[in-house]
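Student: I'd like to learn how to read a few features off a model. Could you take me through them one at a time?

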Amino acid sequence: MDYKINAIPTRYKNLNFRSRLEAKWAAFFDLLNWKWEYEPCDFNGWIPDFVLIGECENVFVEVKPVSKFPENVGEKLVKSGYQYGSKKDAGDEALIVGLTLIDDYFGGLALGWLDENGMGWWEPASIGKWYGSESELKNRNLLYGFCHSFGSYHDRITGCYDGGTTEGDLWWQPSAEYNTNKIIELWKEAGNITQWKKQ
């Protein structure tokens, strides 16, 4: 169900967000230790609410007060030309997030809907945690990340890829109960951080 919600301009980290929902997503990204910028650029008919700055690519984020995939928004984003992007030799992608985290179809959580390589292939963006070699993890300043549920399983934040089978390789755990509970806790905390902060 989509909702008609009046946006409440909200201040967070010395930035004025157009809505409390945008501020909540910013706080959530911070709790996950993800790098982001607010309203980073202007594409053809679309100003992304955020860009998540990953190791290998950018993911442009649109925040909407929805609980199911907004097809009209997805079409608009693909037509905007964002996929011709800002990082040389990297395929920028788009992510639509809504009122809350969603089901990723596999018993885990997803941020929202990720467009695989700008092709208009929108599927849940599974969020999870990386495990594996401590030395490898120390080279990454982030443990949580997200990937396309059905397309490429490389993490859009760290660039890690769950493709190895030998001992010591990193492996992706999106649906473990601990991860799900921890991610839900972080989402609630983001709401608490921004709840009463009007502009």
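Tutor: We'll go through aromatic pairs, backbone angles, cysteines and strand pairing. First, a caution: this is a predicted model, where local features need pLDDT of at least 70, side-chain atom pairs count only at pLDDT 80 or more, and totals for chains, interfaces and linings use all residues. Residues are numbered from 1 along each chain as its sequence is written, and side-chain values use heavy atoms, with hydrogens and water left out.

Student: How many aromatic pairs does a search of the whole structure find?

Tutor: Rings of Phe, Tyr and Trp (its six-membered ring) pair if their centres lie within 6.5 Å; planes under 30 degrees apart count as stacked, over 60 as edge-to-face and the rest as tilted. Here the search gives 19 aromatic pairs. Take Trp-34 and Phe-146: the ring centres are 5.5 Å apart and the planes sit at 45°, so this pair is tilted.

Student: Which parts of the chain does that pair link?

Tutor: Distant ones: Trp-34 is in the loop between α1 (20-31) and β3 (36-38), while Phe-146 is in strand β9 (residues 144-148), 112 residues apart. Helices (H or I, at least four residues) and strands (E, at least two) are DSSP runs, numbered from the N terminus. Both Trp-34 and Phe-146 belong to one aromatic cluster, whose members also include Tyr-38 and Phe-50.

Student: Are Trp-34 and Phe-146 buried or exposed?

Tutor: Buried means under 20% relative accessible area, exposed over 50%, partly exposed in between (1.4 Å probe, protein chains only). Trp-34 and Phe-146 are both buried.

Student: What about phi at Asn-33?

Tutor: Most residues other than glycine have a negative phi. Asn-33, though, has a positive phi near 65°. Asn-33 lies in the loop between α1 and β3 and is exposed, at 52% relative accessible area. Asn-14 also has a positive phi, near 60°; its loop runs between β1 (10-12) and β2 (15-17), and Asn-14 is exposed at 65%.

Student: How many disulfides are there?

Tutor: A disulfide is a pair of cysteine sulfur atoms within 2.5 Å. By that rule the count is 0. As for the cysteines themselves, Cys-41 is partly exposed at 26%, whereas Cys-147 is buried at 3%.

Student: Last one: which strands does β4 join?

Tutor: Two strands pair if DSSP finds at least two bridges between them. Strand β4 (residues 50-53) runs antiparallel to β3, with 3 bridges, and Tyr-38 stands opposite Phe-50 there. On to β5 (residues 58-63): 4 bridges join it to β4, again antiparallel, and Val-51 faces Phe-60 across them. A hairpin of 4 residues connects β4 to β5.
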